[in-house]
Amino acid sequence: MTGICTGRVAAVTGAGRGLGRAHALALAAEGAAVVVNDLGVTADGAGASGGPAQQVVEEIRAHGGQAVAHTGDITTDDGARSLVTTALDTFGRLDALVNNAGFLRDRMLVNLAEEDWDAVMRVHLKGHFLPLKHAAAHWRAEAKAGRTPDARVINTSSGAGLQGSVGQGNYSAAKAGILGLTLVAAAELGRYGIQVNALAPAARTRMTEQTFADTMAAPTDGDFDAMAPENVSPLVVWLASADSAGVTGRVFEAEGGRITVMEGWRPGPTADKGARWTPSEAGETTRKLLTESEPARPVYGV
C-alpha cells in the first residue's frame with residue numbers, strides 16, 4: 001500500500017456490503033479514516049440493521065485503520081447532514097464523499113408501480129444529492145473562511161445510466177440523472193476546491209449477481225475474478241486522493257482490470273438548412289445523418 005489517502009477522511013454511503021464495502025476497506029488501507037454509512041436494508045430496500053456498517057468498521061479497525069459507523073438515512077435531510085457531522089465530530093474534517101448507496105426494484109415499464117419508481121429515484125438520485133449538498137456546504141464555508149479544501153466527490157452511476165437497461169427504467173433514469181448532477185456539481189463547486197466525478201462500475205453485488213447471474217459468476221478455476229467489487233475500488237481511492245488534482249466533471253467506467261474515460265454526448269453528423277425544414281425534408285436529412293453516425297450501442301438485456 002502507498003498511503004495515498006493518509007490523513008484524509010472519507011465518507012462512503014452504502015458501505016456495508018458490495019462495492020461500498022470494498023471502497024471503504026480500500027480507502028482505509030490507503031490511510032483514510034472512513035465514515036461507513038449503511039442502513040443495512042435488504043436488496044429491495046426493506047428493513048434496517050446497523051450490523052453491516054459496524055462489521056465493516058470492525059474489519060477496518062482490526063487492520064489498524066480508523067472508522068466509525070453511520071446508520072442514518074442519507075435520503076433525508078437530517079440523515080445526510082448527520083453523515084457530514086459524524087465525520088467532523090469524529091475525525092475533525094471531511095475530505096471525500098463517495099456516493100454509492102442504492103437498491104433495485106426492477107420491472108418492465110408497463111408493470112412498474114409508481115412507488116417503485118419513486119423509491120429508486122429517492123435512494124439513488126436524492127441519496128446522491130443530499131449528501132453532496134451538505135458536504136459541499138461545509139466545504140464552501142471552509143473556502144470562504146480562507147481554508148480552501150482539497151475535496152473530492154465520487155458519484156456512482158451505471159452502464160444502465162449510460163445506455164439503458166431493459167427492465168430497469170427507474171434505475172436507468174436515476175443513474176442517468178446522477179451523471180447530470182455530477183456535471184452541474186463539478187461546474188458549480190470547482191471554485192471552492194471541490195472536484196466531482198462519476199463512476200459507472202461493473203461488479204458482482206447483491207444488485208447484479210441475480211440480474212446478470214451468468215456474467216457476474218465468480219470463476220471456479222482460480223482465474224482472475226473480473227467481477228470482484230475490489231477491482232473497482234483503486235480508481236475510487238485515487239479519485240478521493242489529493243493525487244487526482246485537476247480531474248473533475250468526468251465519467252469513468254471501471255470493470256475488472258479495465259478503466260475507460262467516457263466521452264458522453266458529443267455532436268455527431270449535422271446538417272443546417274439555414275431555414276425551417278419541412279417534415280419530409282427533416283426525415284430525409286435525419287436518415288442521411290444516421291447513416292453517417294456511429295451505430296447505437298445495444299441496450300443492456302437486448
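Author: Contact means heavy atoms within 4.5 Å. This is a predicted model, where local features need pLDDT of at least 70, side-chain atom pairs count only at pLDDT 80 or more, and totals for chains, interfaces and linings use all residues. Residues are numbered from 1 along each chain as its sequence is written, and side-chain values use heavy atoms, with hydrogens and water left out.

Reader: Which residues is Asp243 in contact with, leaving aside neighbours within four places in sequence?

Author: Ile4 and Trp238. Asp243 sits in the loop between α8 and β7; helices (H or I, at least four residues) and strands (E, at least two) are DSSP runs, numbered from the N terminus.

Reader: Is Asp243 buried or exposed?

Author: Buried means under 20% relative accessible area, exposed over 50%, partly exposed in between (1.4 Å probe, protein chains only). Asp243 has 51% relative accessibility, so Asp243 counts as exposed. Its C-alpha atom is separated by 52 Å from that of Glu281, 38 residues apart along the chain.

Reader: How many residues has the largest nonpolar core?

Author: A nonpolar core is a set of buried Ala, Val, Leu, Ile, Met, Phe, Trp, Tyr and Cys residues joined through side-chain atoms within 4.5 Å. The largest here has 31 residues; Ala24 and Leu27 are among those with the most contacts inside it. Elements supplying at least two residues each include β1 (9-12), α1 (18-29) and α8 (233-240). Beyond four places in sequence, Ala24 touches Val12, Ala15, Val34, Val36, Val56 and Ile60.

Reader: Where does Met108 lie?

Author: In the loop between β4 and α4 (114-144). With a relative accessible area of 46%, Met108 is partly exposed.
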